[in-house]
There are 2 protein chains.
Amino acid sequence: MNKNQKQTELIATWDTLQRIFIRPEDEASRETLLKYMEQILFGLHDFLNSHVGVTEEISLKELTRDFKDTQINKDPEKKLADVIIDIIEKIAPKAVNVASPYFVGHMTSALPFFMVHLKTIITALNQNVNKLETSKVLSVIEKQILAKIHRLVFNKEENFYQTHVQSTDTSLGAFTTGGTTANLTALWVARNKLFLPYQDFDGIENEGIAKTMQTFSLDRIVVLVQERAHFSLKKAGGILGIGNKNIIPVSVDSKHRIDLNDLKKTIKELSKDKKTKIAAVVGIAGTTETGMIDPLCEMAQICKENSIFFHVDAAWGGPVLLSEKYSHLLKGIEKADSITIDCHKQFYMPMTSGMIYFKDPLSMDQIAYHSNYVNRPGSVDIGIKTLEGSREANSLILDSSLKIMGSRGYALMIDHSIKTTKEFAKEIKSRKIFQLISDPELNIVTYRIAPIDLISKLNKASKNQKEHIENLINDINIKVQRKQREQGKSFVSRTRFKLSKHDEIESVVLRCVIMNPMTNIDILKEILDEQEDIFSRLAS
Amino acid sequence: MNKNQKQTELIATWDTLQRIFIRPEDEASRETLLKYMEQILFGLHDFLNSHVGVTEEISLKELTRDFKDTQINKDPEKKLADVIIDIIEKIAPKAVNVASPYFVGHMTSALPFFMVHLKTIITALNQNVNKLETSKVLSVIEKQILAKIHRLVFNKEENFYQTHVQSTDTSLGAFTTGGTTANLTALWVARNKLFLPYQDFDGIENEGIAKTMQTFSLDRIVVLVQERAHFSLKKAGGILGIGNKNIIPVSVDSKHRIDLNDLKKTIKELSKDKKTKIAAVVGIAGTTETGMIDPLCEMAQICKENSIFFHVDAAWGGPVLLSEKYSHLLKGIEKADSITIDCHKQFYMPMTSGMIYFKDPLSMDQIAYHSNYVNRPGSVDIGIKTLEGSREANSLILDSSLKIMGSRGYALMIDHSIKTTKEFAKEIKSRKIFQLISDPELNIVTYRIAPIDLISKLNKASKNQKEHIENLINDINIKVQRKQREQGKSFVSRTRFKLSKHDEIESVVLRCVIMNPMTNIDILKEILDEQEDIFSRLAS
């Protein structure tokens, strides 16, 4: 068969095109389709297994070389079978093996294998939970699982949940496309709750910020959050018209948690300024960089005293509530007004899925939008009160996963991650060349290579010399992290922040996120060995 | 095996839990996993095939009855196999069969079967294109397909694309999680472009709207769009702090397209008010309700003359550019500053995926955000300039699909949809009891049941009588649409709008979206027959 024949096979006529919309009825075609699925499930997997590292070593220039053609072909170029083979043989080796237990740099890991099956079901059903007319029972299941997680967090009485679980008037939360839009939704609601319709004023959502500021003789709206918060919060400030400068950073204490004194002081100062309104204070349960949890109880109390909306970004830490051993770390989260939890992080779901929850089932009324063709007032369409429009039924994945594993299954994974991280921190401390930066509270740890000679010089140095030495240390850490990434066997990430309040320059630190159940202390030791090795070769 | 044994099988120990993270190596387990996939691919399909209608007839009350338990089980309730069987036997019948050719009510249809395979690949790879470190070649492929679609729309010279396709400094667009966030991104950029950093002023994104209005002595920012635009645009106005009241509706002409005279008049009036700034004019290429295309050339010209940012919401109509026969309908789109196109609509991709494009590769600089641990300045991380954070690599699906079908494959489907819709409109016109409301330009048609006796009364009626009769007609249409939906064999949607500028009340109309290639004129005739039948039973 020549190339041309092959190309025209698939869509030469309307009839052949139509066939791709019907799954074949005869045995042979069914087997072919199944064979493709086998290639995807196992071919891809076998390949990744034989490439235990995270990615092939290749420069960006080289990587982009074959991806510069910008013409869309008129005729088909490839059949599905060839596309699959191409992806397995040519694309996958140049992707990142995030499932490798040596990939501990970001919040992406191996998934339980059944997640692939569940996602395939979602795709095959292709429901749109934006509206009941395109989802029906899937909207109902979404409301149920939202109530289950709401209960896990807020733990209200049975009667509360019976009232709201399937209520068409109220909302306990919503699925979002990730933590970023969940945080954005929370601050959107917080902003709107501050300026509700009143007499002639139609509310900030309708009137806009300019009119609102005029009406109430104000100059600005602000949000307070610790300086290491996820950048989606600053971005939300920009999007919402608050201005990202008005997402005001509160300093952190020596344990990388929000400094309560600074928080109180900042609130006090801002409250003196009659031209400023505080829309929200945000607490973090599992900071992106160090996995720390802000003192939520105390923050909730401060917010209560000052009548400020309290949002908790638990995108990372939320699922820790499933662990009997560690859920106490999140104490106070039940006092929040809203909570972000990501599904594609510690719920081990595929990209991309997040959730936002509100303690008050009427909170989301502040962001309701209607249209004439769907989402009519009084309808049960979930999309009335979500930032996103059309949405796939990812809620069924979480629902099914909790049924397959139970909360205990998740707890086992979380407990293992935290335990392994603590072992890892101990190992780091035991090696002379490393300096532990953040003693892990959950399963994220930061440390750096801090050669003894440089550290001893640092201790005796003048201010100018200090900066020079810190830069040398930073440089070493950047080089080692890069080299390790390029070698493609393992991957840790890096970030930079001030090691203490009094420091003038930011230090580069290495960052490990331990969430893959296959990552154990032996693997982590190997990763340290490799870093030591790279460093020694740098030095020589 | 008793129930308890079954439950504890899966995660009783850490070892069994770990196993779910490794795909099994032995033949027997592989076969089991594959069998599940077969059930999903074909079991689900066979079920839907034997239930040709769109959903089982069931009331919402009945539907929610079994979904009220809000406790998360500690132990596993079900194995994957049972979850799959449950979904096929109990969930699917209560979901909506959007793949049915009789489902013509919304912009969701059957998908080419290979889409399920492609989505499964995305899930198995689980890359996060937010950052290069978790996606590598997938980020590169995303940039390439963005350039391909940019070229389809804007058709700049080869040199332009060679410069930008893999540039780490510039962006031709971005994948979003849907049309809503694509439109939001466009207006976000438009708002920011209006108030760039200047001297002491740090730009609206940083400073916020309040400070911006003060600095420039302004009262408000507005956006102009035709009154039938998708409600995501109003919502974007609310989110962005512009105020959804300031998304100013421009009236439509008799063909449901923006009234150019009203647009010009509105711009002129607003321009006189020195306290108001117009951030953007939005044109629609495929309105949600009637599928009409605004006069894009003329709108582009008006925007040019008035130096206003021109956004085109082509969420629905964008892929029509692939049709040689109909692409001329979108003439003028290449003059837009930004364009929304949805992937899960006429690109026939699974939920949820959209795209936003900018003519100027520097436009997205206005929404750039950095962090210390990823998305550092100068990096090639795509997530620097997107509203969303973590994102799955849906771009690979579009890339593969265009390779499998070619632009011609898509064109065949689009041409068929439009042709069938025109036949359908002819059929509606030929039946006495129906009144065609919008003569279709693309593949959406609206009509209503307008019984001859009521229409003849309407023509002779006084103003008061008219309202009464219109309400009677509306009532009939609501009842017929509901009854047809409940019968579960076929589904058309309904909406309401004023039939002409001079009307005082909104009329309820029936709305069909013809995008499923299996939907043909015979099926559409059956749908009309059923409506006639329901109506005659209503009347008797």
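**Close-ups of a predicted two-chain model**

**View 1. Four strands side by side in chain B.** In chain B, four strands pair antiparallel in an open sheet, in the order β8-β9-β11-β10. At the edges stand β8 (434-438) and β10 (493-497) of chain B, each with a single partner strand, so one side of each has no neighbour in the sheet. From one strand to the next, the twist averages 40°. Strands here are DSSP runs of E with at least two residues, helices are runs of H or I with at least four residues, and both are numbered from the N terminus. Two strands count as paired if DSSP finds at least two bridges between them.

This is a predicted model, where local features need pLDDT of at least 70 and side-chain atom pairs count only at pLDDT 80 or more, while totals for chains, interfaces and linings use all residues. Residues are numbered from 1 along each chain as its sequence is written, and chains are lettered from A and ligands numbered from 1 in the order in which they are written.

**View 2. Zooming in on β9 and β11 of chain B.** Strand β9 (residues 444-449) of chain B runs antiparallel to strand β11 (residues 507-513) of chain B, and four bridges join them. Which residue of β11(B) is the bridge partner of B:Tyr447? That's B:Leu510. Helix α17(B) lies across β9, β10 and β11 of chain B, at about 35° to β11(B).

**View 3. Helix α17 meets helix α18 in chain B.** The axes of α17 (residues 463-487) and α18 (residues 521-539) of chain B come within 10 Å and cross at roughly 120°. That makes α17(B) oblique to α18(B). (Under 35 degrees is roughly parallel, over 145 roughly antiparallel, 65 to 115 roughly perpendicular, and the rest oblique.) Axes are lines fitted to C-alpha atoms, for helices over the stretch in contact, and angles run from 0 to 180 degrees between N-to-C directions. On the α17(B) side, the contact is made by B:Ile476, B:Lys479, B:Val480, B:Lys483 and B:Gln484, and on the α18(B) side by B:Glu530, B:Gln531, B:Ile534, B:Phe535 and B:Leu538. Contact means that C-beta atoms, placed from the backbone, lie within 7 Å.

**View 4. Helix α18 of chain B also meets α15.** The axes of α15(B) and α18(B) come within 10 Å and cross at roughly 35°, and this crossing is right-handed. Here B:Thr420, B:Glu423, B:Phe424 and B:Glu427 of α15(B) meet B:Ile521, B:Leu524, B:Lys525 and B:Leu528 of α18(B).

**View 5. Where chains A and B touch.** A rotation of 180° with 0.0 Å of shift along its axis puts chain B onto chain A (RMSD 0.0 Å). The two copies are thus related as by a two-fold rotation axis. The superposition is by least squares on C-alpha atoms of residues with pLDDT of at least 70 in both. In this interface, 146 residues of chain B contact 146 residues of chain A. Helix α15 (residues 395-430) of chain B gives the largest share of chain B's side, twelve residues.

**View 6. A cis peptide bond in a chain B loop.** The bond from B:Met351 to B:Thr352 is cis, with omega near -5°. B:Thr352 sits in the loop between β6 (338-342) and β7 (354-358) of chain B.

Key. Two residues are in contact if their C-beta atoms, placed from the backbone, lie within 7 Å. A crossing is left-handed if the near helix is turned anticlockwise from the far one by less than a right angle, and right-handed if clockwise.
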